[in-house]
Each structure stands twice: as structure tokens, then as C-alpha cells.
Amino acid sequence: MNARGVAILGSTGSIGTTALRVLERQRERFRVVALTAFTNGALLAEQAERFAPAFVGLVRSGEAVAAHESWGCGEQCLVEAATRGGVDIVLNAVVGAAGLDATIAALEHGRRVALANKESLVMGGDLVRAAARRGGGELVPVDSEHSAILQCIAGRPTTEVRRLVLTASGGPFRRWTREQIDRATLADALQHPTWQMGRKITVDSATLANKALEVIEAHFLFDVPYDRIEVVVHPQSVVHSFVEFVDGSVLAQLGVPSMELPVLYALTFPDRVSDTGVPPFDPVELSPLTFEPVRRDDFPALSLGVQAGRAGGAAPAVFNAANETAVALFLDGAIRFGDIPRAIESALGRHGGADGGSREAILSADALARRHVQELF
Ligand code: NAD
Ligand code: MG
């Protein structure tokens, strides 16, 4: 069997390093052909040493690149890695809007995109789907909820699906009062109860903006309208999502909370291969599994994002850009936690109606939303 070539964009991050742990065990099936990172040249060099990829790219070069003359650099190294020869699968594990062009380029080149970078699909859902149609590429989700849905749908047509129910851990503030949430500190927001992730998605999980991004992601991945996508809080993060079919039967996919499983599945889909990444499943140990409604009024980012999804056009891109900018400000200590949804609402009010018909229109709406949020504070 020929090993399939994998490019990992964002190999130094939480998903990137998780993927390399998986690939280390699956060296007979996959070989690492390209690795990219943003600034962490030291870790990237270690990874390059271990996996000997044909291409290595560091976006923000500096001293690290001087020492490695063969490395690619600059923003274009993502597209370069995604489209080079020998790459069958592009794992897009970059955080944020920076992943958009590589997702589109990989799909246009007929590649499979194992998509962790949900932001690219949220910003440019129609463009991304059009790129896949044009180039024959394939989008396979890495997000655990969407991986669960893919596994439950198992090739059945969308007409047989009544409802998708995404599970949400509820984040660290599930039980906090609205006043407490408003004043939450960065340290509070970074204490995720069930998942170890990068800082941006950890904050998104605390505001529930992450779940809004995921509702939009599910809409574009599975072609299900927004009024048939729901969210339920499930603090244990063991049931990764539900699919209700038209006959009333409900399937769910379960597993201990580990991203190794959905990463591997995105690489091998629709096949399953033997692997030892997650501990054995013990339902008694994982009990009880509980479910509760989302406190939508206290976590307004969720409804704001879903409304943006329904509005379409550039509204999801504005939601995403406003959120990214506000989260960056919060991570810098410049704004309060409660300012994140306030900034999103303000940006959507001002720019939510922008045109989203082309890459340029989307990038322009993204830039307007970023500037709007910067100027609010
Ligand atoms: P992270 O911050 O740990 O890693 C991000 C990676 O992207 C790093 O390798 C970094 O070098 C690179 N990067 C950052 N900014 C970049 C830029 N401007 N240009 C190019 N490269 C850049 O983030 P993460 O937690 O691994 O999340 C990555 C993506 O996966 C996000 O879209 C996130 O929503 C999604 N995701 C993550 C998890 C998880 O468990 N961590 C789960 C589901 C989905
Ligand atoms: Mg998720």
C-alpha cells in the first residue's frame, strides 16, 4: 500500500501536535510531506528533524529561517504546502481567518482537506464549497462534533436527516451568574473543563462563540438548514453529537474526549484503521452522562453567530472577524470578557449586511469588522 502524503498547516499547535502523535503511530499509511507554523521555529525544526518532510514553512521568519535556508516563509507558504506535489491530504490546523486561502487552494487542487480550521468554512462557506466542486477536493471535518455527525450520517442522504444536535461542554462558566461571567478574568476563561486546546478556541468555548462557529460549520458541511441544527449542553464531552433521522431514530457517536480520534478519522474516512490513541471506553467510569439546555441569554455569542449564519452573505465573516479581534484584545488584557459578545453585536449591526459574493468581498467585510472592533475600545 502506498502511504498517503499529508501536509499539516499549523503543526506546532494543539491540533498539529496531536496529529503528529497520530501519524507517528500510522507511519505505514501516511507520510508527512509538509509542515508549516506561524512563529515557533524551534518546535518546527524538531518536527522537521523527526518526520523529514519535503517542505517546511515558517510564516513569520526571522533568525530561525536564516538557519534553515530551504524553508519557505511568509503567508504564501500555507498555500505552497497545501498544493505541492505528493500531498493527498491537507490537515488545516491553523487558527483563524489565516486558513482561508489554503483551504480553498487545496480543494481547488483536488485534495482532501481535513478541516480543523472551522473559521475558513464559516467565513467563506459558499466559496469553499464552490472550490471543492471546481477542483474535485473533499472536505472532511476534524472538529469532534462534526466528525461525530459524519460518522452517524454514514452516507445517508440529507433528506433522511431531521435534526442535528451538537453537544457543547458549556465551558468553564456553565454555572456562573451573568454578572460573574461579565467580569471573568483571562485565567478563568482559560480553565476549560474537558479539553486542552489553543488559547483562542478555549476562549471561544467559554463565550460559546465556538458553538456558533460550529453550527455554521455544520450547515455548510452537511447542507442542513439552520432551523434543524440545535445545541445541547453536555458537560462530560463524551457524546460528541446526535443525528435524529426522519423516522425518529437517533444516533450518537461517543468516545473519551481526545482529538486523536477525530484527527485519525479525518485521515482515513470512510475507512477505520486499528489504533491505540484513546483509552478503552468504559461507560461506568464515564457515568453519569447529563444534558441541559444552553443558557442563551447569558452566552449571547451563540445566538449572535447563528443569526449571522442565517443572514448569510458576509455576516458569518463579520461575526468571525469581530470575534477573533475581540478575543485577541481579551487575551492581551485590553477588554473584559463581557466585551467580546458586545463587540460582535456592534460589528454585526454595522457591517453584517455586507456583500459576501467573492473572496475580495469577504476579505473586505472581515477587515471592516476588525477595524470596527479595534475602534470600539
Ligand atoms: P493553536 O493556537 O494551538 O495552534 C494554531 C497553529 O496555527 C499553530 O501551529 C500556529 O503556528 C499556526 N498559526 C497561528 N496563526 C497563524 C497564522 N496567522 N498563519 C499561519 N499559521 C498560523 O490552535 P488549535 O487549538 O490547535 O486550533 C487550531 C484550529 O483547530 C482552530 O481553528 C480551532 O478552532 C480548531 N479546533 C481545535 C481543537 C482543539 O482541540 N485544539 C478542537 C476542534 C477544532
Ligand atoms: Mg468542536
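I began at ligand 1: one of its oxygen atoms lies 2.8 Å from a backbone N or O atom of Gly198. That is a polar contact (a pair of N or O atoms within 3.5 Å). I note that this is a predicted model, where local features need pLDDT of at least 70, side-chain atom pairs count only at pLDDT 80 or more, and totals for chains, interfaces and linings use all residues. Residues are numbered from 1 along each chain as its sequence is written, and side-chain values use heavy atoms, with hydrogens and water left out.

Gly10 has a backbone N or O atom 3.1 Å from a ligand oxygen, and a polar backbone atom of Ile15 is 2.9 Å from one. Taken alone, ligand 1 exposes 830 Å², and the protein buries 87% of that (Shrake-Rupley areas, 1.4 Å probe).

Next I checked the shell. I found 23 residues around ligand 1, with Thr12, Ser14, Phe38, Glu119 and Gly198 the closest; a residue is near if one of its heavy atoms lies within 4 Å.

Then I turned to the rings and found five aromatic pairs. Phe173 and Phe337 have ring centres 5.0 Å apart and planes at 85°, so they are edge-to-face. (Rings of Phe, Tyr and Trp, the last by its six-membered ring, pair if their centres lie within 6.5 Å; planes under 30 degrees apart are stacked, over 60 edge-to-face, the rest tilted.)

Are these two buried or exposed? Phe173 is buried at 0% relative accessibility, and Phe337 is buried at 3%. Buried means under 20% relative accessible area, exposed over 50%, partly exposed in between (1.4 Å probe, protein chains only).

Conventions:
Chains lettered and ligands numbered in written order. Polar contact = N/O pair within 3.5 Å; in protein donor to acceptor, adjacent residues only side chain to side chain.
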